[in-house]
2 protein chains.
Amino acid sequence: MTEQLTTDGRVARGDRTRRVVLAKAVDVASVEGLEGLSIGRLAAELSISKSGLIAHFGTKEELQLRTIRAARAIFAQTVIEPALAIPPGMARLRALLDAWVEYSRDRRFPGGCFFARAAHEYAARPGPVRDALAAVDEEWLGLMVEAITQAQDAGEIRPDVDAGLLAFDLVAALDSANLRSLLMGSFDVYDQARRAMDERLSAAAT
Amino acid sequence: MTEQLTTDGRVARGDRTRRVVLAKAVDVASVEGLEGLSIGRLAAELSISKSGLIAHFGTKEELQLRTIRAARAIFAQTVIEPALAIPPGMARLRALLDAWVEYSRDRRFPGGCFFARAAHEYAARPGPVRDALAAVDEEWLGLMVEAITQAQDAGEIRPDVDAGLLAFDLVAALDSANLRSLLMGSFDVYDQARRAMDERLSAAAT
């Protein structure tokens, strides 16, 4: 409160700077990885002083962790929140999958799914960055399991379906389409993912 | 021929150096990415002079491309060749999938699948490195489609099964298990991948 009263302008400017930096950082990291986030490079690209950036973010690792949080917020807003507006059941599950396909295909991040890129970069490198990425992945898989369980409760997916295994199948199809659309430079693989997911959902439906 | 006659010792020593460097490079890249392959760093780790390394590999990009070729040779030897010793059909297809699971789970490369790591690193960065990785991926997917088609010819997979879609499903399950085993630090996800692949193969079998 005291801080807000006395340094209102500085706090607001600081927030704005952090937002600008993180908006740039998520895009850079989706293409070049979290390792590509050097404070010097971001400072140069955004014409901000390097010492100013260090004052805002401290270490490179802190910048990486904040970039993951910023990307998570964008992912939640793009993929999760619209689907959660739909009543629980098969319709919500399908909305989640559709929104993920659009999120990847529309290149909400220029390098495709931010988390696929970053998770592969840090999967074999223990530490806070990997932990943060693993937490987001578990959260996403958990949300898929929950959506499937809700569809079972709604009587739209058979009760004997293993929700964890179905979630694994669906997420694997999404990830594969994301990677191969980038690698092959073609969007056809999204149709393949849709057909694969439709097969899984038809087989699971009551 | 002339070269071999006159510089036999030098050629042999050069081959040995290249082999040592590439054996190190594939391991480093599987954890830290192809971007992590700096000539200076490899020279220091292997106690070879930087100028010597440059003489052998030229640019960093050339080192990256040779590292991809070296990893492909290891992959072929570990996953593909043993399976190709088995007659075409469902048994060969299952052998390929089993060998891939072992290749990933045994950490033939310390960072898990070399190609999953590298493909995500370069998927959104056009150029010769991405092209080389896309070619290996297409080759692998093509081999899966071929193994499925052979199992259809052998009457072990139904003729109406879409070989491309089944290959997509199987490869997606493998990739997902590879990533999540690293990220979560648990091998349980390989069992999930096996169950998913068994379901696909049972549904496709005659």
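**Figure 1. Salt bridges between chain A and chain B.** In this predicted model, 8 salt bridges link chain A and chain B (a salt bridge being a side-chain nitrogen of Lys or Arg within 4 Å of a carboxyl oxygen of Asp or Glu). In one of them the side chains of Asp169(A) and Arg200(B) meet, at 3.3 Å from N to O. Residues are numbered from 1 along each chain as its sequence is written, and chains are lettered from A in the order in which they are written. The model is predicted, with local features needing pLDDT of at least 70, side-chain atom pairs counted only at pLDDT 80 or more, and totals for chains, interfaces and linings using all residues; side-chain values use heavy atoms, without hydrogens and water.

**Figure 2. Elements of chain A that touch chain B.** Helices H1 (2-32), H6 (114-122), H7 (128-153), H8 (163-184) and H9 (188-204) of chain A each give two or more residues to the side that touches chain B. Helices here are DSSP runs (H or I, at least four residues), numbered from the N terminus. H8(A) gives the most, with 15 residues. By residue class, this side of chain A holds 21 nonpolar, 5 polar and 14 charged residues; Ala, Val, Leu, Ile, Met, Phe, Trp, Tyr, Cys and Pro count as nonpolar, Asp, Glu, Lys and Arg as charged, and the others, Gly among them, as polar.

**Figure 3. Contact and buried area.** In chain A, 40 residues are in contact with 40 residues of chain B (heavy atoms within 4.5 Å). The two chains bury about 3600 Å² between them, 63% of it on carbon and sulfur atoms; buried area is the accessible area (1.4 Å probe) lost on putting two parts together, summed over both.

**Figure 4. The annotated DNA-binding region.** An unreviewed UniProt entry places a "DNA-binding region" at residues 38-57 of chain A; such annotations may be inferred rather than shown by experiment. This span, residues 38-57 of chain A, is 80% helix and 0% strand.
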